[in-house]
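Here is a short report on one protein chain.

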Amino acid sequence: MSPQELQDIRDAVAKLCATFPMEYWRELDRERRYPTDFVRALTEAGYLSCLIPEEYGGSGLGLSTAAAILQEVQRSGANGAACHAQMYIMGTLLRHGSPAQKAMYLPKIARGELRLQAFGVTEPTAGTDTTSIRTTAVKKGDKYIVNGQKVWTSRAEHSDLMLLLARTTPKDETTKKSEGMSVFIVDMKKALDRGLTIRPIRTMINHATTEVFFDNMEVPAENLVGEEGRGFRYILDGMNAERILIAAECIGDARWFIEKATGYANERRVFGRAIGQNQGVQFPIARAYMATEAASLMVEHAAALYESGQPCGKEANMAKQLAAEASFQAGDTCLQTHGGFGFAEEYDVERKWRETRLYQIAPISTNLVLSYIAEHVLGLPRSY
Ligand SMILES: Cc1cc2nc3c(=O)[nH]c(=O)nc-3n(C[C@H](O)[C@H](O)[C@H](O)COP(=O)(O)OP(=O)(O)OC[C@H]3O[C@@H](n4cnc5c(N)ncnc54)[C@H](O)[C@@H]3O)c2cc1C
């Protein structure tokens with residue numbers, strides 16, 4: 001795609017986002033409601049199916065385009081977390097799904113008839129330590145029987161399908177702890193009240209996150225993605241895409257904060273002059289700007305590697321960390337620049353500040369990125 005074509009997509013996304021004013025997001029945030037209309041608009045415009053190949057009704061674009069779309073959403077002051085998962089969960093289905101699974105789900109997802117927005121990995125006793133998950137799927141004839149619990153399964157109430165990671169072989173019966181886990185496509189609408197229970201968790205942001213319980217939930221054997229026992233590897237593959245897309249969102253957030261801080265610093269007058277005239281106000285904004293632009297280069301680099309099929313674990317992790325730090329730095333600077341008004345709901349700064357804080361913790365916490373770089377890139381001893 002040419003730079004001009006990518007810019008045209010960015011402009012079109014920004015135009016769509018502008019039809020959802022900040023009051024829309026404020027109201028939803030206040031009431032912790034899901035942005036159904038916004039997600040529908042993005043779906044109808046084809047943005048959420050940009051990664052689906054054309055033969056299945058999508059636009060067959062690459063990760064850089066998906067990243068640009070999510071970045072513009074965040075830059076506009078909106079929150080793409082309501083629907084970003086479809087873009088990164090999709091990779092597992094695209095790469096490891098059978099032709100029958102792709103034919104069954106992808107065209108419906110592309111048409112907006114099905115939402116693939118829920119990703120069930122984290123459990124109460126296994127967050128960062130994914131291989132310790134306890135949810136099991138036991139094969140009985142042409143079905144798997146699933147028992148266990150997930151937590152922080154975001155958007156579960158607003159999705160038709162969930163990509164679920166469960167143990168198909170107990171950890172102590174495998175030679176490597178990363179083996180014996182499998183990935184399933186769960187039709188949540190069918191499973192609801194037939195072994196699947198969803199309970200919302202109220203959090204400091206409007207994220208539609210939940211805990212889900214499986215009590216002898218039946219999943220047809222044909223919903224197993226790829227080979228049994230190789231699910232952890234499939235999920236890891238998808239995680240690079242997830243990190244790059246979240247990093248792109250953080251860059252969008254950071255740019256929103258910087259624009260907002262700059263605008264306010266130019267406009268707000270204290271002691272008879274614009275506060276932005278004080279270097280104590282200017283410099284933190286300049287620092288945040290530099291951190292953002294540097295992180296943005298890493299995000300673009302990681303996305304380009306991913307798109308060309310090259311290894312990008314190092315770059316995807318660094319991009320996510322640098323971008324999440326830049327967005328929070330920009331967010332905190334923006335809040336500080338606004339003084340007391342930063343706390344007022346109507347300025348949207350406090351909402352975006354809360355929202356962007358998440359990315360130091362999810363989808364992977366900062367310490368775990370640091371330990372990955374220390375151990376796998378720098379060759380330092382494993383610490384856990
Ligand atoms: C709003 C929200 C939405 C989410 N959405 C989803 C979702 O849709 N699907 C999903 O599967 N998950 C989701 N998550 C879960 C998220 O990915 C986890 O919270 C995250 O991976 C961290 O796991 P944990 O919370 O269990 O933290 P823990 O693993 O308990 O870690 C707690 C703290 O200890 C630190 N720590 C742990 N071990 C080490 C170590 N060895 N060295 C140094 N520090 C360490 C961590 O960095 C962290 O700061 C979401 C979380 C939130 C808050």
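The report starts with the model itself and then moves to the details.

## Model and overall form

This is a predicted model: local features need pLDDT of at least 70, side-chain atom pairs count only at pLDDT 80 or more, and totals for chains, interfaces and linings use all residues. Residues are numbered from 1 along each chain as its sequence is written.

The chain holds 12 helices and 10 strands. Helices (H or I, at least four residues) and strands (E, at least two) are DSSP runs, numbered from the N terminus. The radius of gyration is 21 Å, close to the 21 Å from the globule rule for 384 residues, so the chain is as compact as a globular protein of that length. That radius is taken over C-alpha atoms, and the rule is 2.2 Å times the number of residues to the power 0.38. Along its principal axes, the C-alpha trace spans about 80 × 50 × 40 Å.

Of the 384 residues, 46% count as buried. Buried means 20 or more other C-beta atoms within 10 Å of a residue's own; exposed means 12 or fewer; partly exposed lies in between; C-beta atoms are placed from the backbone. Among contacts with a separation of 6 or more, 74% join residues 24 or more positions apart. Two residues are in contact if their C-beta atoms, placed from the backbone, lie within 7 Å.

## Domains

The chain is divided into domain 1 (3–115), domain 2 (117–232) and domain 3 (233–377). These bounds come from an automatic or database domain assignment. The centres of domain 2 and domain 3, taken over C-alpha atoms, are 31 Å apart. At their interface, 11 residues of domain 2 are in contact with 9 residues of domain 3. The domain 2 side of this contact has 7 nonpolar residues, 3 polar and 1 charged. Ala, Val, Leu, Ile, Met, Phe, Trp, Tyr, Cys and Pro count as nonpolar, Asp, Glu, Lys and Arg as charged, and the others, Gly among them, as polar.

## Ligand shell

Which residues come nearest to the ligand? Of the 22 around it, they are V121, G127, T128, W152 and S365. A residue counts as near if its C-beta atom, placed from the backbone, lies within 6 Å of the molecule. The shell divides into 10 nonpolar and 12 polar residues, with no charged ones. Domain 2 and domain 3 each give at least three residues to the shell. Strand 1 (116–120) and helix 12 (366–377) each supply at least two. Helix 12 makes the largest share, with 3 residues.

## Nonpolar core

The largest nonpolar core has 110 residues, and F184, I244, V299 and A319 touch the most other members. Helix 8 (residues 231–267) provides the largest share of this core, 19 residues. Such a core is a set of buried Ala, Val, Leu, Ile, Met, Phe, Trp, Tyr and Cys residues joined through C-beta atoms within 7 Å. In soluble globular proteins, nonpolar side chains tend to be buried together. Leaving out residues up to four places away in sequence, V299 touches A67, I244, A247, A248, I251, A319 and A323.

## Backbone details

Most residues other than glycine have a negative phi, and most peptide bonds are trans.

A cis peptide bond joins A362 and P363, with omega about -5°. P363 sits in the loop between helix 11 (349–357) and helix 12.

## Two partly exposed residues

L6 is found in helix 1 (residues 3–18). L6 is partly exposed, with 15 other C-beta atoms within 10 Å. Beyond its neighbours within four places in sequence, L6 is in contact with M1, T65 and A68.

E375 lies in helix 12. E375 has 14 C-beta neighbours inside 10 Å and counts as partly exposed. Not counting residues up to four places away in sequence, E375 touches L380 and R382. E375 and D253 are 122 residues apart in sequence and 30 Å apart in space, C-alpha to C-alpha.
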